[in-house]
Amino acid sequence: MSPSATTNGTKGSIETPPRAPSPVHNFGTLAVHAGSPHDPSTGAVIEAISLSTTFAQTGVGKPIGAYEYTRSSNPNRENFETAVAALEKAKYALAFASGSASTAVILQSLAAGSHVISVSDVYGGTHRYFTQVATAHGVQVTFTPSIELDVASQIRPNETKLIWIETPSNPTLKLVDIRAVATVAHQHGIMVVVDNTFLSPYIQNPLDHGADIVVHSVTKYINGHSDVLMGACAFNSPELKQRLTFLQNAIGAVPSAFDSWLAHRGLKTLHLRAREASHNAHLIATTLSTSPHVLLVNYPGLPSHPHHAIHLKQHRNGMGGGMLSFRINGGKEAAERFCQTTQIFVLAESLGGVESLCEVPSSMTHAGIPKEAREKVGVWDDLVRLSCGVEDGEDLKRDVLQALERAVVWPKVNGMIKSGEHANGETANGAVKDGKLVNRAV
Ligand SMILES: Cc1ncc(COP(=O)(O)O)c(C=O)c1O
């Protein structure tokens, strides 16, 4: 909870009736009530969007309330930060203009000459920042594919300041044992950051497992409706709070009041969405794993997953999350055909929204990584990534099965298909009927 907020979410001397939340409450109660005070003057249950960029003062240097200028702080962003802190079981949270801005601010907080150890399998934009931006201000990053084994040998005395983990990884869904890495890191006074975007605070709370900072692309599950770009980080250290708040204001990569309000509204249903998405992903992963058209399924919730034991230890109630990937029979062409013949899964980048999405990482989200480096971590041309939404699970299952059939079986039955046209005569944008393009419809 932000230090300027009292336990019932009010600021300064303004009083509203005592109410939830407090740390004794469970996730769903916190999601709905944390950082959501009633409006003290109107009683409005839902907070107003505070668009004012500046706040009146009663005397020089004497603001009426807790705010002066919106980049430094504003009611909607602060309420959202209070809610994120509650859900990540942290003392503090800070919001940023994007997940990438959160990453940048954390890296900017390191002194020149610092060294960072990162898992190899990080989000492409994080990899780009580490290799092409952090170096410009004197921060070196070493990547390792098996951090639990390598971490001790990669530490440079007096130089290594931070370890960066993404678990599950994107798009191969490998897991990292946060506690194992944090134990070694803390013996050397090194901080551990976990990007928790893929699971959301509902399924995993990295601070409980020894991490020092948890980061999110709020754009994904926390907002959950594919209509806001935002980021956040949460932590317990007052020193970090001071340093990162300074950088949040000094760098100025902050979200608007409107986006903060929207993301806060999305967060209130996070537990419902994450639970349903996880349920759907489990159903789809199970379905795919029994299909003769599938070579491999990457999903932590399956007992066959190599890190299933870590998943049981780190994830709430054994949930696997809403993300999965699989290798399809028939190579890159089959992967592309699959994504172009689904009728509910939308072919698009991003993840974590209420709607299901599919993509081919090697040609889309991970196209910037050289083929050899990609394949080393399992990102083959035939890999398809799915973000399961909250539609009806049985409908999603039927969609996946029909797309597999069209992607793998139909080309064999029909012989060679014309280039630019799929097995059933569809293009990427829709079906071609009588020379006309008919939109893909559910
Ligand atoms: C795991 C992960 N971390 C960070 C980011 C960056 O977030 P944003 O797009 O909000 O800048 C993404 C974006 O896809 C992501 O998937």
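## Ground rules

This is a predicted model, where local features need pLDDT of at least 70, side-chain atom pairs count only at pLDDT 80 or more, and totals for chains, interfaces and linings use all residues. Residues are numbered from 1 along each chain as its sequence is written, and side-chain values use heavy atoms, with hydrogens and water left out.

## Around the ligand

Twelve names to look up in the viewer: the ligand is surrounded by Ser 98, Gly 99, Ser 100, Tyr 123, Glu 166, Asp 195, Thr 197, Ser 217, Thr 219, Lys 220, Leu 229 and Met 230.

Now for the polar contacts, meaning pairs of N or O atoms within 3.5 Å. Asp 195 puts a polar side-chain atom 2.7 Å from a nitrogen of the ligand. On the oxygen side, a polar side-chain atom of Lys 220 is 2.7 Å from a ligand oxygen, and an N or O atom in the side chain of Ser 217 is 2.8 Å from a ligand oxygen. On its own the ligand has 390 Å² of accessible area, and the protein covers 91% of that; the areas come from the Shrake-Rupley method with a 1.4 Å probe.

## The pocket

Where does the ligand sit? It is in the second largest pocket, with "sits in" meaning that more than half of its atoms lie within 2 Å of the pocket's grid points. A pocket is an open set of points on a 1 Å grid over the protein atoms alone, where a 1.4 Å probe fits, with protein on both sides within 12 Å along at least five of seven lines; lining residues have an atom within 4 Å of a point.

The second largest pocket holds about 470 Å³ of space, counted as the space filled by probe spheres set on the points. Its lining has 26 residues, with Ser 100, Tyr 123, Asn 170, Ser 217 and Lys 220 nearest the centre. By class, that lining is six nonpolar, 14 polar and six charged. Helix 4 (124-132) gives at least two lining residues, as do helix 3 (99-108) and strand 8 (213-217); helix 4 has the largest share, with four. Helices (H or I, at least four residues) and strands (E, at least two) are DSSP runs, numbered from the N terminus.

Most residues other than glycine have a negative phi, and most peptide bonds are trans. The bond from Thr 167 to Pro 168 is cis, with omega near 5 degrees, and Asn 170 and Pro 171 are also joined by a cis bond, with omega about 5 degrees. Pro 168 is in the loop between strand 6 (160-166) and helix 6 (178-187), and Pro 171 is in the loop between strand 6 and helix 6.

Lys 89 has a positive phi of about 55 degrees and is in the loop between helix 2 (75-87) and strand 3 (92-96). Ser 350, with phi near 80 degrees, is in the loop between strand 12 (346-347) and strand 13 (357-359).

Conventions: Near = heavy atom within 4 Å. Polar contact = N/O pair within 3.5 Å; in protein donor to acceptor, adjacent residues only side chain to side chain. Nonpolar A, V, L, I, M, F, W, Y, C, P; charged D, E, K, R; others polar.
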